[in-house]
Amino acid sequence: MTDATQTSAQIFHDSEHDTGGRVKWFAGRVAIYGILIIWTIVCLFPIYWTLTTSFKLAPNVMQGHMIPWVDYQPSWKGFESIGMSPRLLGQESTVREEFLKRFTNSVITAGSASLLAVILGSMTAYGLSRFRYRFGFMRNPDISFFFLSQLILPPVVLALPFLVLYKELDFLDTRIGLILLYTLTVLPIVIWIMRDQFQSIPVELEEAALVDGLSIWGAFLTIVLPIALPGMVAAFILSLVLTWNEYFFAALLTSTDAKTLPVMVASQTGSQGINWWAMAALSSAAIIPLIIIGVLLERYIIKGMAAGAVK
Amino acid sequence: MATEEGDLLHVVTDDDIGPGRRRIGHLLVWGSFGLLIAVFAVLTLAQTGRIGLEFGNWRPALYAALFWGICLGVAQVVLYGEQGKRTLFILPATLFVIAMVVFPLVFALGIAFSNWNLSSLEGRSFNGFDNVVQMWNDPFYWNALKNMVWYTLAIIVEYVIALGLALILASEIKARKFFRVAFLLPLMLSPVAVSWMIGKSMLEGRFGPIARLARWLGWDRPAFFSDPEIARTMIMIMDAWTFIPFMMIMLLAGLQAIPRDVQEAARVDGASGWRGFWEVTFPLMLPVSITAILIRIIFKLKLADIIINVTSGGPGGATDSVTSFIFREYRDRSNVGYGTLLAIVYLVLIVISITIFMKLVDRWMNPRY
């Protein structure tokens, strides 16, 4: 027994077969689950708060009601302010049109920028992982570094030159202007993820395809891409998250037509005072698509982020 | 780089490229390049009013550049055959990045040394080093740089929390998938939404739940954004809240890549949990940790959205980051020239400090005796 206590003194809540100290093991478990639950609350409470606040009225906010149906009666007031409540869905509504316009802008810019980045990035990553290039002094590692180093570039450096350039090109306040910039910002991340993907695919596959008479592009499109599809999905979703949430460029470069959802949310924060339910509804509408993506496609997001981490 | 010689795909083909084909290729490249130059010249003349043509904007130059890019791609195949087809894989992205980064950066250098107010009618005027002098005497810019150092140092705390969470998630727990999804969610939210959700509503002095909690704990009149130190800490916490999941996932991937038997061997050799962590797990995690921290630093240096939306740099510039400062500098005074200079100085500082950081890490990881 003394022996057992001695080992349990040395071993820091380890797996049960090592020790007879059931109490200590139990305490460790409690501590671990305690931390897990506290952190879950830290992560989820702001989301819960926003979602419930969007169904509150002024008195509920002021009295600090928290739980719907228990201490307050949910109302659609918040969603009426963006025209999305059941009562208003059948009718014409200018606020809803405004909201939907911003929403489509966000969907189109984020979607096309991510798609473009995945296409360009996959090609580049494939080329860099399979062939040897030489442009002047630039060899493969240099070219990779050239692309990845774009990550360091803070957006503020590009913002003002682009403001001037886009003014001259008549790209200000257009979706295409935003799409091009967003593609640029996520391209290094896509290349990073995809390079990792292609390196894990054996070259023998393509060699076999080439022997069977396919060209290198044919082998790339018909053999390699289908295998690398999960990686591409991961890269696409990660890009989608980053571009959907982007605020800085959108705030500088758009004004009326191409304004995206984050800019709309930001422009309402100052003006509305204590009109919390409207803001909460708008914020919920901005975060719900990504929460759904996060819950359903969590696997891919983790895969994408883990790609660069492990070598 | 993991690409070794053996990983590459070797294909030997004999391309029969005659002089005629070669001529067509060169014609494509230089012809379209000539077209680009011509369009550019015509546009310059038209914009300065030397010739009677009227173009609304510079788009024709863009189309000409696009056309040149396509011709360059086609010419690769015409000129170099099989090798050209390989170049096609990386050519589009390269041209895209050069057009979107290198060209604007060169352009930015020109703007940085000029006085250019976009809202006034008079155009750009070169003013030499006036902007540099102004920057040198601008206490708010130096203050913003100092704040960035604080914000960056906060990453150490974020790293400790992220590593702790990753260790717990990698250990044997029930409902791991649920916790993983829950911990990941903050990363999905847009900083603008976060700044409203937390900054403007939960931290609101009268009705926000956190203010209520603070009152209940005995803080009489909670105000989170009037004291400089507290305001800065709040910004750090909000930013950490969104980005801890990012580090956590990277570290978790690193932990799961450590072979189980290494830890088991350490345990058999008598290493207790704590020693096993410090002497086995942590050293094995170092490369991943450094990658995660480096990427986190890069993201941290872009920090702006939350500050712009919650405090707009206040109180008295205590929460300003460089990006948010330049953003307001442009918004309030629409001075493109000065803002660009500040941004370029920032970029230079970043490149220098990241290089030093990487050199130090390299020295520390591979000591030379």
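Which residues have the most contacts inside the largest nonpolar core? They are Val190(A), Met248(B) and Leu251(B), and the core itself has 166 residues. A nonpolar core here is a set of buried Ala, Val, Leu, Ile, Met, Phe, Trp, Tyr and Cys residues joined through C-beta atoms within 7 Å. Buried means that 20 or more other C-beta atoms lie within 10 Å of the residue's own; 12 or fewer makes a residue exposed, anything in between partly exposed, and the C-beta atoms are placed from the backbone.

A word on the ground rules. This is a predicted model, where local features need pLDDT of at least 70, side-chain atom pairs count only at pLDDT 80 or more, and totals for chains, interfaces and linings use all residues. Residues are numbered from 1 along each chain as its sequence is written, while chains are lettered from A and ligands numbered from 1 in the order in which they are written.

Helices (H or I, at least four residues) and strands (E, at least two) are DSSP runs, numbered from the N terminus. As for Val190(A), if you skip its neighbours within four places in sequence, it is in contact with Ala117(A), Val118(A), Gly121(A), Ala235(A) and Ser239(A). Contact means that the C-beta atoms of two residues, placed from the backbone, lie within 7 Å.

**Where the chains meet**

Between the chains, 93 residues of chain A are in contact with 84 residues of chain B. On the chain A side, that splits into 65 nonpolar, 19 polar and 9 charged residues. The classes are simple: Ala, Val, Leu, Ile, Met, Phe, Trp, Tyr, Cys and Pro are nonpolar, Asp, Glu, Lys and Arg are charged, and the others, Gly among them, are polar.

**Domains**

Each chain has a domain assignment, with bounds taken from an automatic or database source. Here are the two pairs:

| Chain | Domain 1 | Domain 2 | Distance between C-alpha centres |
|---|---|---|---|
| A | 2–88 | 93–309 | 32 Å |
| B | 11–112 | 134–364 | 42 Å |

In chain B, the contact between the domains takes 4 residues from domain 1 and 5 residues from domain 2. The domain 1 side of that contact has 4 nonpolar, no polar and no charged residues.

In chain A, 16 residues of domain 1 are in contact with 14 residues of domain 2. Helix H2 (22–53) and helix H4 (77–80) of chain A each put at least two residues into the domain 1 side, and H2(A) gives the largest share, 4 residues. By class, that side has 8 nonpolar, 6 polar and 2 charged residues.

**Chain A as a whole**

Chain A comes to 15 helices and 2 strands. Its radius of gyration is 26 Å, well over the 19 Å that the globule rule gives for 311 residues, so chain A is more spread out than a compact globule. That radius is taken over C-alpha atoms, and the rule is 2.2 Å times the number of residues to the power 0.38. Along the principal axes, the C-alpha atoms of chain A fill a box of roughly 80 × 70 × 40 Å. Buried residues make up 44% of the 311 residues in chain A. Among chain A contacts with a separation of 6 or more, 67% join residues 24 or more positions apart.

**Some local spots**

Two aspartates sit in the loop between helix H8 (155–169) and helix H9 (175–199) of chain A: Asp170(A) and Asp173(A). Neither is a glycine, yet phi is positive in both, about 65° for Asp170(A) and near 60° for Asp173(A). Asp170(A) is partly exposed, with 14 other C-beta atoms within 10 Å, and Asp173(A) is partly exposed too, with 15.

Lys56(A) lies in the loop between H2 and helix H3 (58–63) of chain A. With 23 C-beta neighbours inside 10 Å, Lys56(A) counts as buried. Leaving aside neighbours within four places in sequence, Lys56(A) is in contact with Val61(A), His65(A), Tyr72(A) and Trp277(A).

Over in chain B, buried residues of H6(B) include Phe179(B), Phe183(B) and Leu187(B).
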